[in-house]
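Here are some notes for a first look at this structure. Please read them with the model open beside you.

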Amino acid sequence: MNLRNRQLIPSFSRPASRVMIRKVARYEEDLFALIYESLREFQLPVKDKTILLKPNLVGLDPQGVMNTHPAVIAAARESFLKLGAARVMIGDGPAMDRDTQAILESVRLKEFTGKLGHDFCDLNIDDVERVVLETRATRLKELFLPKTVLGVDFLVSMPKLKTHHWAGVTLSLKNMFGIVPGSCYGWPKNVLHWAGIDRSILDINAAARPDFAIIDGILGMEGNGPIQGSPKSAGVLLFGDDPVAVDATACRVMGLLPEKVEYLGRAGTMLGHVEVSKIQQLGEGIEGVKTPFAVLPEFGKLVAG
Amino acid sequence: MNAPEMPDPLPPAESTEEQRIECLSLLASLQNADGGWGFRAGGQSRVEPTCWAALALFQSSQPKNNDTYRKLQEFLHARQLPDGSWPTGPAGPEMSGGGWVTSLACCALAGSAESDQQLRAGLQWICEDFPRDSSPWQRFIRKLRPESHISSQSDSYRGWGWTPKTSSWVEPTSFALMALRESSREKLLKCASQRRESGISLLYDRMCPGGGWNCGNPRVYGVDGDALVLPTCWALLALRDAPEKPGRALSLAWLQRAFAKIESPGSLAVAEMTLEIYGTQAPVARRSLQDWSAEEIAENGTHVIAWVCMALDAQRSWPGVKQQIIAGAAR
């Protein structure tokens with residue numbers, strides 16, 4: 001990897017990351033109060049800034065199993081606004097279905113956020129800018145990425161807590177696949193599969209590293225995720241200022257070994273922290289919320305102890 | 001960043017014709033100075049939305065001798081790459097490879113005498129663009145891998161990918177088949193009919209077990225994939241003059257069932273056209289195209305307002321003319 005990229009800082013010279021776990025049993029709880037209080041503890045530099053929330057909107061999901069729940073998205077948006085953000089946008093580029101409006105209707109996002117107008121951005125059809133990939137984790141030399149993603153002041157990855165049949169887990173780093181525009185690369189963004197999913201995750205996150213991550217683990221998905229797995233209630237929300245550390249913590253909550261997840265292990269050397277000793281744990285302890293998630297046999301090596 | 005704010009949406013149009021005129025007018029107004037269209041008002045001109053605008057604004061019944069058409073034609077000619085393909089991304093020296101929009105550009109330019117040379121080059125590129133997944137080498141490699149049980153699809157059929165040197169997928173294969181079908185035989189290479197046959201076989205192979213298509217994963221890890229409206233429509237449109245197979249009727253029946261639950265203007269417009277082209281009765285849907293104003297439809301992208309224009313056009317020639325409704329056609 002190329003150290004010229006400002007996102008790439010060797011683990012030994014990166015300050016400790018902060019990750020917070022909060023217990024939440026149901027989406028009907030007062031999520032705004034919980035998320036606002038949690039974010040406030042991080043003292044984030046969001047005042048007067050434009051923020052993009054990047055949820056995981058992967059497909060038609062009336063049951064709320066595969067996508068980030070709209071109640072979490074809406075509460076996060078309200079919280080950032082209350083923290084002084086000038087504008088909080090929501091954007092995603094679904095990977096398998098180009099009818100983003102159909103997905104939004106199926107999750108009833110508008111019922112939770114109100115009419116978003118131009119505060120929602122379909123990243124699949126946004127204007128794009130060429131980004132040279134200095135990491136070269138893959139053989140891809142460049143990617144077109146959405147101008148909205150590259151232009152905001154503060155980027156928040158908001159995935160669902162899920163296992164993944166090709167990557168092992170899909171959390172805040174894998175969620176960034178959704179910023180790669182379908183209008184350039186198709187539905188699915190198959191060029192990333194050919195380049196290698198694990199390595200593509202590294203390239204994308206080095207090019208547009210999230211400033212913060214919020215994982216919706218109130219209801220997650222285990223087994224054959226990210227679409228056809230089984231619902232799994234974990235009853236948690238995770239917050240953190242380092243997407244690698246948040247993902248590593250989420251793995252531990254799921255009873256998985258983060259360093260064994262190929263892309264996460266590599267991300268831990270340059271993009272953030274995987275080691276427990278480098279992560280300041282806030283809120284609940286991991287052991288108190290641990291909920292083992294089933295994985296496909298191919299990923300048996302990820303299962304802790 | 002985002003597109004400039006559009007005026008407050010007008011209330012939904014009262015009649016189909018009124019709405020069609022409003023949508024056409026808005027679509028025409030979105031043309032950029034360089035002759036192309038962006039996905040949003042004032043956005044970067046791109047090949048895909050420009051092609052959709054061309055198909056919606058210039059159906060065969062409409063004159064093609066005005067300034068709008070001349071400029072869009074010049075835009076498409078200028079964006080064609082030296083190898084005959086068109087790029088999916090914006091213009092620039094770094095964009096050295098074309099993609100699936102080549103098929104769409106060939107559909108948009110079909111019938112234009114001024115585009116004969118560009119069309120020939122585009123069709124040649126389509127005929128010679130083979131996906132990487134079904135190459136003999138990849139098929140050999142796959143047989144050696146333990147995960148070859150992941151999906152049940154046949155890798156002997158060769159369709160088309162979204163971008164070169166990737167896998168075959170349902171939608172780009174459907175658009176390539178439509179482009180090859182609509183071009184006169186003398187423009188096509190000798191291998192075109194073989195490519196068409198293989199592409200048609202691939203579509204049937206990738207059909208979901210209950211009918212319909214998703215992007216091209218009918219079964220993964222032993223679990224049946226769910227069909228989606230848009231891929232199903234494009235595949236059905238591509239197969240409409242292919243040899244009849246039970247899968248096509250099954251998929252048409254799936255689309256009829258799915259139609260009632262569609263809640264977005266894009267899927268609704270394309271599904272309406274598909275059912276009309278097959279002469280199949282559309283069931284009562286949860287939503288109607290009249291539920292949205294032209295401005296609200298345009299918020300979904302230029303391609304969506306173009307699809308709605310086409311769906312509302314009783315005289316349309318692309319993606320196909322309306323057929324007389326045949327009762328129980330999908331059964």
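1. The scale is simple: a residue is buried with 20 or more other C-beta atoms within 10 Å of its own, exposed with 12 or fewer, and partly exposed in between, the C-beta atoms being placed from the backbone. Asp48(A) sits in the loop between helix H1 (31-42) and S2 of chain A. Its phi is near 65 degrees, a positive value in a residue other than glycine. Helices (H or I, at least four residues) and strands (E, at least two) are DSSP runs, numbered from the N terminus.

2. A word on the source. This is a predicted model, in which local features need pLDDT of at least 70 and side-chain atom pairs count only at pLDDT 80 or more, while totals for chains, interfaces and linings use all residues. Residues are numbered from 1 along each chain as its sequence is written, and chains are lettered from A and ligands numbered from 1 in the order in which they are written.

3. Next comes strand S2 (residues 50-55) of chain A. Five of its six residues are buried, so S2(A) is largely enclosed by the rest of the structure. S2(A) pairs with strand S3 (residues 87-92) of chain A in the parallel sense, over four bridges. Pairing here requires at least two DSSP bridges between the strands. Leu53(A) stands opposite Ile90(A) in S3(A). From S2(A) the chain passes through helix H2 (residues 70-82) of chain A to S3(A), a right-handed β-α-β crossover. Right-handed means that, with the strands pointing away from the viewer, the path from the first strand over the helix to the second runs clockwise. S2(A) also runs parallel to strand S7 (residues 154-158) of chain A, joined by five bridges. There, Ile51(A) faces Phe154(A).

4. How many residues of helix H3 (residues 100-107) of chain A are buried? Eight of its eight are, and the helix is mostly covered. Among them are Thr100(A), Ile103(A), Leu104(A) and Val107(A). The cover includes H2, helix H4 (109-113) and strand S4 (120-122) of chain A, together with H11 of chain B. Arg108(A) follows H3(A). Arg108(A) has a positive phi of about 60 degrees although it is not a glycine. It counts as partly exposed, because it has 13 C-beta neighbours inside 10 Å.

5. Two peptide bonds deserve a look. Most residues other than glycine have a negative phi, and most peptide bonds are trans. The bond between Trp187(A) and Pro188(A) is cis, with omega about 10 degrees. Pro188(A) lies in the loop between helix H6 (182-185) and helix H7 (190-195) of chain A. The bond from Gly225(A) to Pro226(A) is also cis, and its omega is near 15 degrees.

6. Glu284(A) is in the loop between strand S12 (279-283) and helix H11 (286-289) of chain A. Its C-alpha atom is 6.0 Å from that of Arg22(A), 262 residues apart along the chain. Beyond neighbours within four places in sequence, Glu284(A) is in contact (C-beta atoms, placed from the backbone, within 7 Å) with Ile21(A), Arg22(A), Lys23(A) and Val289(A).

7. Finally, the two chains. In chain B, 37 residues are in contact with 32 residues of chain A. Helix H9 (229-238) and helix H11 (265-277) of chain B each give two or more residues to that side of chain B.

Note on methods: Contact = placed C-beta atoms within 7 Å.
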